[in-house]
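Me: I have a protein model on my screen and would like to walk through it with you. Could you take my questions step by step?

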Amino acid sequence: MSTSSDQHYVNRRVLKINVGFLLAEGVGYFRDMVIELPRVQLDDDLTLDFLRGNLRLSRNSRGVLVQGQLETHVLSECTRCLRPIFVPVFLEIEELFAFPPSALVAFSVAETGILDLAPLIREEAILGVPMVALCRPDCAGLCPQCGHDLNEGPCECVQEQIDPRLEILRAHLRSARPQTNDE
Ligand SMILES: [Zn+2]
Ligand SMILES: [Zn+2]
């Protein structure tokens, strides 16, 4: 889970696939593809550290069926301390892209023969991020009072809570000690 930003991005346009060759073929024809992308920004709010796996595109009577498994790391944030982290997400893909394009289904192949995987991968990646994702299992989180990142050490609030009690204890010991010494 690195968050290094020096890595180059690829444009989400790489997920637009020309499936004209599939549309020209008969039902039952398929093509296997290997997806191997470096960091890709799918949207302003969705970055994948990488995207890789295998997809099968099959021509059927209703369009092109996309099936396969993809693996990615989705840029998210730690639920406790809000640091940016990449969360591993496994995508199980099985979706029909209608052709001719149809407004009645979620995904279509464009008239031009372009099948854009980006909206599908966006949807699956967002769904795949768990409700609770931690930068590390023992993340200490943020102080609920001042917002200090407790992974970097305690904040003033913690000390203020402890000090008065320690003072009472010290005062008690101070007042108790001379009596025991005298007796
Ligand atoms: Zn954290
Ligand atoms: Zn605090």
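Reply: Helices (H or I, at least four residues) and strands (E, at least two) are DSSP runs, numbered from the N terminus. This is a predicted model, where local features need pLDDT of at least 70, side-chain atom pairs count only at pLDDT 80 or more, and totals for chains, interfaces and linings use all residues. Residues are numbered from 1 along each chain as its sequence is written, while chains are lettered from A and ligands numbered from 1 in the order in which they are written.

Me: In which order do the elements of the protein chain run from the N terminus on?
Reply: The protein chain holds three helices and seven strands. Read from the N terminus on, their order is β-α-β-β-β-β-β-β-α-α.

Me: In which sense do strands E5 and E6 pair?
Reply: Two strands count as paired if DSSP finds at least two bridges between them. E5 covers residues 63-77 and E6 covers residues 84-98, with 15 bridges joining them. Within this pair, Leu70 stands opposite Leu91 in E6. The sense of the pairing is antiparallel.

Me: Is Leu82 buried, partly exposed or exposed?
Reply: Leu82 sits in the loop between E5 and E6, and it has a positive phi of about 70 degrees although it is not a glycine. Most residues other than glycine have a negative phi. A residue is buried if 20 or more other C-beta atoms lie within 10 Å of its own, exposed if 12 or fewer, and partly exposed in between, with C-beta atoms placed from the backbone. Because Leu82 has 13 C-beta neighbours inside 10 Å, it is partly exposed.

Me: Is the peptide bond from Phe99 to Pro100 cis or trans?
Reply: Pro100 lies in the loop between E6 and strand E7 (114-116). Most peptide bonds are trans. The bond from Phe99 to Pro100 has omega near 0 degrees, and that makes it cis.

Me: Which residues is Val129 in contact with, leaving aside its neighbours within four places in sequence?
Reply: Val129 is in the loop between helix H2 (118-128) and helix H3 (156-182), and it counts as partly exposed because it has 15 C-beta neighbours inside 10 Å. Two residues are in contact if their C-beta atoms, placed from the backbone, lie within 7 Å. By that rule, the partners of Val129 are Val74, Ser76, Val87 and Val89.

Me: How far apart in space are Val129 and Phe86, C-alpha to C-alpha?
Reply: In sequence, Val129 and Phe86 are 43 residues apart. In space, from C-alpha to C-alpha, the distance is 9.8 Å.
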